[in-house]
Amino acid sequence: MGLDALGILRNSFSGLKSDVGKKIVGIFFAVQLLHFGGTVLTRQELTLAGVSVTVFAAVLSIVATIGALRAFREGELKREMFTENILATIGRILGANLTNAVFAYGVAMLLLAPAVYLAALSGITAASGLSGASAAVLVALGVGGILGVGAAAYIAVAFLLAQPLIAIDDRRMFQALDESIQRTKGERLSIFLALAILFLGYTVIAVLVAIAGSFVNEMVAGAATTLVVAPLLTSLSLCLLNYLTEELPEAE
């Protein structure tokens, strides 16, 4: 039986409510607290200190991501999950993410290129010129944009499991990418819908926080997003990735 988007999210929320899930939320809260501290320092014109703290928080975020994926798989939290083979794992994950981004962006631009070329022939060189564009050009740009975004999303979902496969199962970069393509086959629409619902939820929360911030304080609203929303959604996303690696069939 195939996966469904709501089932993916339901199981991910269940994992987030476990003892391990709660601890991981706490870890990402600490990481986001550093991020927020870096932002505050930068705003106080302590640029060097702010940048240093932000960079340190970014590195910790990568390490926490790897450790969290391993912890969700094992159902317990151990220190070695954040230290074992960490440098090689970080390198492979960064390489896989870069490959994903290059493929997604490249294919999107390739699909959008004909429409952009048509617009250039029509004398449109900037977004401001779209108001005077013909219907054919607007339709071409619209179709090209939809195809480009769709292709980028498809590639991103196809490569989605590379990160947990590297972090949890110690796969090499291209091995993880290839296995991700095989294991997501037939389930990409359900995975995409689950991620789309998650993104929509984040967007709604971010908008509500922004509205609340307009009545309270911009920094307070930013702190709420950084320290509360981000740790929860990051942990939920990692729990979702681990669930997929457990439920999707092994690659042949």
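## How the helices cross

A crossing of two helices is left-handed if the near helix is turned anticlockwise from the far one by less than a right angle, and right-handed if clockwise. By that rule, the crossing of H2 and H3 is left-handed, whereas the crossing of H6 and H7 is right-handed. Helices here are DSSP runs of H or I with at least four residues, strands are runs of E with at least two, and numbering starts at the N terminus.

Please keep in mind that this is a predicted model, in which local features need pLDDT of at least 70 and side-chain atom pairs count only at pLDDT 80 or more, while totals for chains, interfaces and linings use all residues. Residues are numbered from 1 along each chain as its sequence is written, and side-chain values use heavy atoms, with hydrogens and water left out.

## The overall picture

Of its 252 residues, 39% are buried, where buried means under 20% relative accessible area, exposed means over 50%, and partly exposed lies in between, using a 1.4 Å probe and protein chains only.

## Two helix pairs

Two packed helices are described by the angle between their axes and the distance between the axes. The axes are lines fitted to C-alpha atoms, for helices over the stretch in contact, and the angles run from 0 to 180 degrees between N-to-C directions. Angles under 35 degrees count as roughly parallel, over 145 as roughly antiparallel, 65 to 115 as roughly perpendicular, and the rest as oblique.

Helix H2 (residues 19-43) and helix H3 (residues 47-74) have axes that come within 7 Å and cross at roughly 165°; the two are therefore roughly antiparallel to each other. Their contact has 18 nonpolar, ten polar and no charged residues. For these classes, Ala, Val, Leu, Ile, Met, Phe, Trp, Tyr, Cys and Pro count as nonpolar, Asp, Glu, Lys and Arg as charged, and the others, Gly among them, as polar. In the other pair, H6 and H7 pack at an angle of about 125° with their axes 8 Å apart, and are therefore oblique to each other.

## The largest pocket

Pockets are found on a 1 Å grid over the protein atoms alone: a pocket is an open set of points with protein on both sides within 12 Å along at least five of seven lines, whereas a cavity is a set of points where a 1.4 Å probe fits but cannot get out, and lining residues have an atom within 4 Å of a point. Grid points are joined across faces, edges and corners, and a volume is the space filled by probe spheres set on the points.

The largest pocket has a volume of about 270 Å³. Among the residues that line it are Leu160, Leu195, Phe199, Tyr202, Thr234 and Ser237. Helix H8 (188-215) and helix H9 (218-247) each supply at least two lining residues, and the largest share, six residues, comes from H9. By class, this lining has nine nonpolar, two polar and no charged residues.

## The second largest pocket

About 200 Å³ of space lies in the second largest pocket. Its lining is made by Asn100, Ala153, Ala156, Val157, Leu160, Phe192 and Leu195. Helix H5 (135-158) and H8 are the elements that give two or more residues to this lining, with the largest share, three residues, coming from H5. The lining divides into six nonpolar, one polar and no charged residues.

## Residues worth a look

Gln32 is found in helix H2 and is buried, with a relative accessible area of 15%. Its C-alpha atom is separated by 6.0 Å from that of Thr226, 194 residues apart along the chain. Leu193 belongs to helix H8 and counts as partly exposed at 40% relative accessibility. Leu193 and Ile8 are 185 residues apart in sequence and 9.7 Å apart in space, C-alpha to C-alpha.

Most residues other than glycine have a negative phi. Asn85, in the loop between H3 and helix H4 (86-121), has a positive phi near 50° and is partly exposed at 36% relative accessibility. Asp170, in the loop between helix H6 (162-169) and helix H7 (173-184), has a positive phi near 60° and is partly exposed at 42%.
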